[in-house]
Each structure stands twice: as C-alpha cells, then as structure tokens.
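Colleague: I'd like to learn how to read helix packing, contacts and domains in a model. Could you walk me through an example?

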Amino acid sequence: MNAVWKILTLPCEEASRIMSDGMDRALTNVERIALRAHLISCRSCKRFRKQLFVIEAAAKAAADEKMPEDSRERIRANIDDERS
Amino acid sequence: MTCDPAKWLEEHGDVLYRFALSRLRDRTLAEDVVQETLLGALKNAKDFEGRAEVRTWLIGILRNKIADQLRRTGRIREDSTERIFDDRGAWAAAPGDWHDPESQLSSKEFQQTFSDCMEKLPEPLAEAFILREVEETDYEEVCDALEISATNLSTRLYRARLLLRKCLEQNWFGEGVKR
C-alpha cells in the first residue's frame, strides 16, 4: 500500500532526490516506477533530469586542470630540502 | 608504507591541486596548501599506517589546510536557507528549458561560470561534489575522506546539484530561458 501511495503521489522534491541518487546508485523498483510515473506529467522534473547530466558532464570537464609544472618543481624542491 | 612524498606529489598532485584551486581560486594559495599538505604528511607519516588510501589520507590533511586558509580570509560559506521547494514539495522556481546545453560544455566561458558556481557552494557540499563528480572518486572513498555516512553523502550531492543547477540557470542559461 505504501509503495502504491508513493508511486501515485510523488512530489517534485522527492522525484528530484531520487534522480540525484540515481546518478550514484541503482534505484529500487518502487523508486524507478514512481519516478517514471511522475516524469510522464512533470515537465519541470524532466528538465531537471537532463540538467543533472549537463552538470555531471561539466564536472568531468573541470578535471582537465593540471598542476602547473613550475608549481610542481617548486614543491619537489621544497620536499627535497625538508628531507635533507 | 614507503614514505615517499615525491611519489605522492607525482601520483596525487593534480587531484590535490584541483581540489585546492577550486576552493581557494588562487594558484599561489593552491600551490602553498598542496606543499603544506605534503610536508605535513611527511612529518606525520607514522600516523598513517595504511589505514586508508594514501589519497584519502592526503585529502584529509588538505581539507584542514584549506579550512584554515578560508577562515583566515573570512570566506566560509554557509548553506543557503533559500527554499528550492514549497511546502507541498513542488519546485518554488520551476527549472527552465536550457537551450542546447551540450554545445556549451566545451566553451571556456561556460567552464568558468561552472567553476564560479562550484566556488559558491557551502564547504561541505563543495567537498562532496568535487571529490565525487570532478575527481570521480569511489563513493565509499569519499565517505571515508569526509568522514560521513553514505546517506549523508547522497544528501550533500543532491543539495549541491540543486544549487549548481540554479546558479547555472541564473548565470549562464539566463533569465531568458523558456518556462
């Protein structure tokens, strides 16, 4: 009964939480069904779902940044000083 | 554990540097805290004893150095109390229609805006989001590094994503988004 109720009445706040959790773990059957039902009629949450993937892709792109070689050299030199 | 800070620098330098840079937004400060972290790790290597991943251990030290630095410059950010959902759990401001977001991802300006948005996140959310989504660290390892439960991490990631979404909509996709 609880599961049916959840499927029928899922608010956007919970739907968005489930979508966020779905980025990190497998969803339960109830979560999946409730979310699917919610998304049929909710344009805002459908947009949110797409935006989650945009955010994920943007975060991955941010990992291109590397430590500059001159920073690395200075740190290496200071570590050597400290150890000698 | 073989105590080899030069190897730590080699293997984890970029991760530590990115993490520091995204919190401090200053290359000199980022370099400083990474160096302090490695020297601090060298000094305390005997406390480590292989309890965790080296990277997790280094990130733990780095977090403290960053927190000290942020405290010095008075830049600790509190979580916003602004409500994203109303009392019935509906969007307080409905997400707009982002026009062709995939084509923006490679733009330098977009990446800058995204960095600015990450920088505005409150510390606990930023740490969780960067380790998990930028560095793609294992879920359990992020929990270890931040010393939080899996549920707590999922709550932080959720909140971070909501705030990033809002920030991007306001600062990049613009007020002109279709409702």
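Modeller: H1(B) and H2(B) pack with their axes 9 Å apart, at an angle of about 140°. Helices here are DSSP runs (H or I, at least four residues), numbered from the N terminus. This is a predicted model, where local features need pLDDT of at least 70, side-chain atom pairs count only at pLDDT 80 or more, and totals for chains, interfaces and linings use all residues. Residues are numbered from 1 along each chain as its sequence is written, while chains are lettered from A and ligands numbered from 1 in the order in which they are written.

Colleague: How should I read an angle like that, and what is the orientation of H1(B) and H2(B) to each other?

Modeller: Axes are lines fitted to C-alpha atoms, for helices over the stretch in contact, and angles run from 0 to 180 degrees between N-to-C directions. Under 35 degrees counts as roughly parallel, over 145 as roughly antiparallel, 65 to 115 as roughly perpendicular, and the rest as oblique. H1(B) and H2(B) are therefore oblique.

Colleague: Which residues make the contact of H1(B) with H2(B)?

Modeller: Residues are in contact if their C-beta atoms, placed from the backbone, lie within 7 Å. H1(B) contributes residues including B:Trp8, B:Leu16 and B:Tyr17, and among those from H2(B) are B:Val33, B:Thr37 and B:Ala41. By class there are 15 nonpolar, two polar and one charged. Ala, Val, Leu, Ile, Met, Phe, Trp, Tyr, Cys and Pro count as nonpolar, Asp, Glu, Lys and Arg as charged, and the others, Gly among them, as polar.

Colleague: Last one: which domains does chain B have?

Modeller: Domain bounds come from an automatic or database domain assignment. For chain B that gives domain 1 (5–72) and domain 2 (78–179). Their centres, taken over C-alpha atoms, are 24 Å apart. Twelve residues of domain 1 of chain B touch eleven of domain 2 of chain B, and H1(B) supplies the largest share of that domain 1 side, five residues.

Notes
Contact = placed C-beta atoms within 7 Å. Helix = DSSP H or I, 4+ residues; strand = E, 2+ residues; numbered from the N terminus.
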